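Here are a few notes to read alongside the model. Take them one point at a time, and find each residue as you go.

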Amino acid sequence: MSYLPVKQLLQTEPGQTVTVKGWVRTKRESKNAVFVAINDGSTIHTIQAVAEAGFLPDETLRLITTGACVAITGELVPSQGAGQAVEVKITEVHIYGPADPEKYPLQPKRHSLEFLREIAHLRPRTNTFSAILRIRHALAFAVHKYYNDNGFYYLNTPIITASDAEGAGEMFRVSTLDPINPPRTEDGKVDYSQDFFGRETNLTVSGQLEGELGALALGKIYTFGPTFRAENSNTTRHLAEFWMIEPEMAFFELEDNMNLAEDFVKSVIRYALEHCADDLAFLENRLKEEEKTKKKEEQSEMTLIEKLRFVVDNDFERLTYTDAVEILRNSKPAKKGQFQYEVGWGIDLQSEHERYLVEKHFKKPVILTNYPRAIKSFYMKQDESTTAPGPTVRAMDVLFPGIGEIIGGSQREDDLEKLTTRMAEVGIEEEAIWWYLDTRRFGSAPHSGFGLGFERLVLFVTGMSNIRDVIPFPRAPKSAEF
């Protein structure tokens, strides 16, 4: 007698005694038999266990309900029904844990995503969320595989830090001081010298600055870890806690950076297509049903898998921010006043602008480069000469359909004088990141990098519409349950 995951049992030759362990999805009784569908999370599919009517004691039958955890032993036989090759002819049932059908919230019916967010501790048991989490795992593995295969070193950057990499200021403070009556300095400010770290600290918003230190010693590194933004944003695209992938590469210039970003996202999406076929097919069918409820003009022209293959099989369009603004200015939505935000050189492009370029104009992923210096971070390399209306930096953003920006990056400023001048312009004190400036003082080198929000990648690959549905336990304003 062997215990195998459902995924393996479904591919096993019949004729042997097996034990299946998992959770009951459905139980159906007919005049002649009892049919139990069991899933253990190893696959989107269930395996059916069958017993003749009257074979199982009434007490056992009563406990086999949706959500109950069971171990069923029996002979693996060819399935009499459609949809699977084998099923288990029950000889023995053990109930690990019952689930009261009057109280268990995941009864076999359609549940809204909003409802499932309220029971995030149970939603992985649904088909939709088990599929998403398996795909999330596959993508995470593909990330590590890609960088390992391409000569990168995995660098663990700190979660608790004293720097604000983005200069945004929207950070979660880390402190052991009394929150009601903290010690204060003579001028009345909180005295962080008495705190655990002896200074003000916060949860990281990015591992980039520390990642640059690694790249300027090891050549090519990548980070893959949690990051945090205390941004009071209740949108379908933002989380307070999310995972970031941030490669940094010595001797890479802007063109190299774009080439890597395109090859990287294509590679991990290709991995998901090759290894998550069943889960993607399920999510594609789910999306098709969802599309039927939309107006015809709002429906997607491609299925989920077609969209993924389209990204993998086509070159990304590359153009400058300046050219993109001209395209947007001359677009029908701009001329008819249909954009919510006005288009002009120097603005930070909004999601509606990015999605127009990707979905309507080019109809493929887009890489925008050479953004205005004023709307980008201090560490981005300044362009020497440009035909743009104002100074620009060697930045790049990768834009995807349905998402907008999925990757943001740049060539980093390697000239110490230009970097410190720019820091002074935006109000960053040199003392705050003296260690970062040392990499420009001692053996500075051209280098580049980018950041990919992992949840946005999972969002794109799964076809989901809300970022809170692609992370097991979403953290957002007023939401820290579980």
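1. Start with Asp 438 and Arg 441, whose side chains meet in a salt bridge, 2.8 Å from N to O. A salt bridge here is a side-chain nitrogen of Lys or Arg within 4 Å of a carboxyl oxygen of Asp or Glu. Both residues sit in helix H13, 3 residues apart, which is about one turn of the helix. Helices (H or I, at least four residues) and strands (E, at least two) are DSSP runs, numbered from the N terminus.

2. How accessible are these two? Asp 438 counts as partly exposed at 23% relative accessibility, and Arg 441 is partly exposed too, at 39%. The cut-offs are under 20% relative accessible area for buried, over 50% for exposed, and partly exposed in between (1.4 Å probe, protein chains only).

3. A word on the source: this is a predicted model, where local features need pLDDT of at least 70 and side-chain atom pairs count only at pLDDT 80 or more, while totals for chains, interfaces and linings use all residues. Residues are numbered from 1 along each chain as its sequence is written, and side-chain values use heavy atoms, leaving out hydrogens and water.

4. How many salt bridges does a search of the whole structure find? It finds 29. One of them pairs Arg 123 with Asp 469, with the closest N and O atoms 3.3 Å apart. This pair links distant parts of the chain, 346 residues apart: Arg 123 is in the loop between helices H3 (113–118) and H4 (127–149), and Asp 469 is in the segment after helix H14 (454–462). Arg 123 is buried, with a relative accessible area of 2%, and Asp 469 is buried as well, at 1%.

5. Now look at Glu 200 and Arg 173, a salt bridge with its closest N and O atoms 3.0 Å apart. Glu 200 is partly exposed, with a relative accessible area of 39%, whereas Arg 173 is exposed, at 53%.

6. Finally, turn to helix H12 (residues 416–426), where the buried residues are Leu 419, Thr 420, Arg 422 and Met 423. Seen down the helix axis, they fall within an arc of 160°, so they line one face of H12. That arc is taken from the directions from the helix axis to the C-beta atoms. On the other side of H12, Glu 417 and Ala 424 are exposed. Just after H12, Gly 427 takes a positive phi of about 85°.
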